Number of protein chains: 2
Amino acid sequence: MVTVGFVGLGVMGKPMARNLLKAGFSLVVHNRSRGSVAELVAEGAASASSPAEVAGKVDVVITCLPDSPDVERVALGPDGIVHGIREGGIYVDMSTISPVTTQKIADALAEKGAFMLDAPVSGGEEGAINATLSIMVGGSEAAFQTCLPVFQAMGRKVTHMGGTGAGQVTKACNQIITALQVTAVAEALVLGAKAGVDPQRIVEAIAGGAARCWALEQRAPWMIQHRFTPGFKSAYHYKDLLIAVDTAKAFGVSLPVSGLVCQLYGAMKAMGKGDLDNSAIVTLFEELAHTHLVSG
Amino acid sequence: MVTVGFVGLGVMGKPMARNLLKAGFSLVVHNRSRGSVAELVAEGAASASSPAEVAGKVDVVITCLPDSPDVERVALGPDGIVHGIREGGIYVDMSTISPVTTQKIADALAEKGAFMLDAPVSGGEEGAINATLSIMVGGSEAAFQTCLPVFQAMGRKVTHMGGTGAGQVTKACNQIITALQVTAVAEALVLGAKAGVDPQRIVEAIAGGAARCWALEQRAPWMIQHRFTPGFKSAYHYKDLLIAVDTAKAFGVSLPVSGLVCQLYGAMKAMGKGDLDNSAIVTLFEELAHTHLVSG
């Protein structure tokens, strides 16, 4: 059984690390704020004072952090993973970041004789707690096979997508489709409601046909109730769409619709709605149409 | 049992009319080209020489035509339905047209003491043949109840959405969501492929999560194979998105994303791709990225 390190014990990272302990892995943790560290130490983990120190103690070191700059700092900055990782060690980044940053870090690790996997997840906090995450992995087949039992302790569906960055690219594809679905349902319901049709009835009429999708099934009810407790925060979807657009730039791809939806999620953040669920994009279209989905 | 007239025996109308005959309705038909009329007469229908004449002979007269101007001509033009319809008669338009045009026709019929239902369908040619269409109906409850057995002979899911135009509004909502789904999947797969990830593997990795939708399940395989036999023609989806945008204008709604996707489907038509399935929008993004989804 490989030994594992975990850096970044946030909303996602803490329950993921806890599932590694439950599965019997020997675990070393590190986090900027100390509360989560103390919790996991009480449950059997060891702690270390820096990412470099974690990396020096384990076979596989994992990060789960908010965004590309955070990962770059923890991986390559002072006291970063690259300064402590063993030759032959594997660094697994489970954050959702730019595949361009991923490649840069993988290159730096390769110079130390270490390996990197990008392994972003989907399934949210609930998936992290219940170990039902989907995990999309990029990197070498050998490193993937070594880490597979680690992934299986945190997720249900683990897919090796290809070389370095392929996991992040797949996650970007996922985030494009989910954002555009939510936006589609929001625009449709605002049109329907302002044209005088009960949005609930619209959902019922079309949900069984070609319009059927996760957003229509799971988020249309939230939109109609104006219940916007996340779920998945608008500001995070904005960040993920910026990654998609950044990836498009890097690879020479034009994404006209995703680019527009990215800007709309930017507006949500600017309007102070970044902490609401991404389905709150409906409130933007309500404002643009000077209307409200439900008049009642 | 009400007597029924049917005007517009095209790809959708002919099998729908045939299902009325099969269900035992006494049927009078009219069509601009005569071949379909002869077929249905051989199967037991009567024929009439104009929409007005059809309307004069039946309780319920149905149209199924390509676009708003066609319906307006057949309903209100010389020899149109309004000139023949009986007092208390019901006109049912099953085309997909603008709810604004629907309202105009309904008003003209009301002056003759007749009623109108808008009853657009989804489910395509296959649904028309197998009597499994979804039918979204706007108009008075009494007229809806009178026509319900007629609808049930042609469709499986029949929903009364509200007053005049509510059926067309619902159909517009449906077409917004389906177009944006297809576009989302197309942009995502072009990004993924050009970034070096196998698009088939992307579909498999994300199809079970929040990205799941009809387009990812049913049309991603067509995109990957470049198999663009409709299905649902790009030019028709362009027409339907123009209706959505026109409806938005009429009701004071702004649809930034649907507006953009409408313009992209306009590009498809301009590029001579109007007869391809709507999933061929992927070829537009391929061209914009100077790439091809599958290199093999």
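Residues are numbered from 1 along each chain as its sequence is written, and chains are lettered from A, with ligands numbered from 1, in the order in which they are written. Because the model is predicted, local features need pLDDT of at least 70 and side-chain atom pairs count only at pLDDT 80 or more, while totals for chains, interfaces and linings use all residues; side-chain values use heavy atoms, with hydrogens and water left out.

Strand 5 of chain A covers residues 90–93. Helices (H or I, at least four residues) and strands (E, at least two) are taken as DSSP runs and numbered from the N terminus. Strand 5 of chain A is covered on both faces, with A:Ile90 and A:Val92 buried on one side and A:Tyr91 and A:Asp93 buried on the other. Here buried means under 20% relative accessible area, exposed means over 50%, and partly exposed lies in between (1.4 Å probe, protein chains only).

Strand 5 of chain A is paired with strand 4 (residues 60–63) of chain A, in parallel, through four bridges; strands pair if DSSP finds at least two bridges between them. Within strand 5 of chain A, A:Tyr91 lies opposite A:Val61. Four bridges also link strand 5 of chain A to strand 6 (residues 115–118) of chain A, again in the parallel sense. A:Asp118 in strand 6 of chain A is the bridge partner of A:Asp93. From strand 5 of chain A, the chain passes through helix 5 (residues 99–110) of chain A to strand 6 of chain A in a right-handed β-α-β crossover. A right-handed β-α-β unit is also formed by strand 4, helix 4 (residues 68–76) and strand 5 of chain A. A crossover is right-handed if, with the strands pointing away from the viewer, the path from the first strand over the helix to the second runs clockwise.

The loop between strand 5 and helix 5 of chain A contains A:Met94. A:Met94 has a relative accessible area of 2% and is therefore buried. In sequence A:Met94 and A:Leu65 are 29 residues apart, and their C-alpha atoms are 7.8 Å apart in space.

Over all chains, zero disulfides are counted, a disulfide being a pair of cysteine sulfur atoms within 2.5 Å. A:Cys147 is in no disulfide, and the nearest cysteine sulfur, that of A:Cys64, is 15 Å away. A:Cys147 is buried, at 0% relative accessibility. In chain B, the sulfur of B:Cys64 is too far for a bond because the closest cysteine sulfur, in B:Cys147, is 15 Å away. B:Cys64 is likewise buried, at 12% relative accessibility.

Most residues other than glycine have a negative phi, and most peptide bonds are trans. The peptide bond from A:Pro230 to A:Gly231 is cis, with omega near 15°. A:Gly231 belongs to the loop between helix 11 (220–225) and helix 12 (234–251) of chain A. In chain B, the bond from B:Pro230 to B:Gly231 is also cis, with omega near 15°, and B:Gly231 is in the loop between helix 11 (220–225) and helix 12 (234–251) of chain B. That loop of chain B also holds B:His226, which is not a glycine but has a positive phi of about 50°. B:His226 is partly exposed, with a relative accessible area of 28%. B:His290, in the segment after helix 14 (281–288) of chain B, has a positive phi near 50°. B:His290 is exposed, at 73% relative accessibility.

Two cavities of 30 Å³ or more are counted. On a 1 Å grid over the protein atoms alone, a cavity is a set of points where a 1.4 Å probe fits but cannot get out, and lining residues have an atom within 4 Å of a point. Grid points are joined across faces, edges and corners, and a volume is the space filled by probe spheres set on the points.

The largest cavity has a volume of about 50 Å³. Its lining consists of A:Ser122, A:Ser134, A:Met136, A:Asn174, B:Ala205, B:Ile206, B:Gly209 and B:Ala210. Strand 8 (133–138) of chain A and helix 9 (199–206) of chain B are the elements that give two or more residues to this lining. The lining residues of the largest cavity comprise four nonpolar, four polar and no charged. Ala, Val, Leu, Ile, Met, Phe, Trp, Tyr, Cys and Pro count as nonpolar, Asp, Glu, Lys and Arg as charged, and the others, Gly among them, as polar.

The second largest cavity holds about 40 Å³ of space. A:Ala205, A:Ile206, A:Gly209, B:Ser122, B:Ser134, B:Met136 and B:Asn174 line the second largest cavity. Helix 9 (199–206) of chain A and strand 8 (133–138) of chain B each supply at least two residues of its lining.

Key
On a 1 Å grid over the protein atoms alone, a cavity is a set of points where a 1.4 Å probe fits but cannot get out, and a pocket is an open set with protein on both sides within 12 Å along at least five of seven lines; lining residues have an atom within 4 Å of a point.
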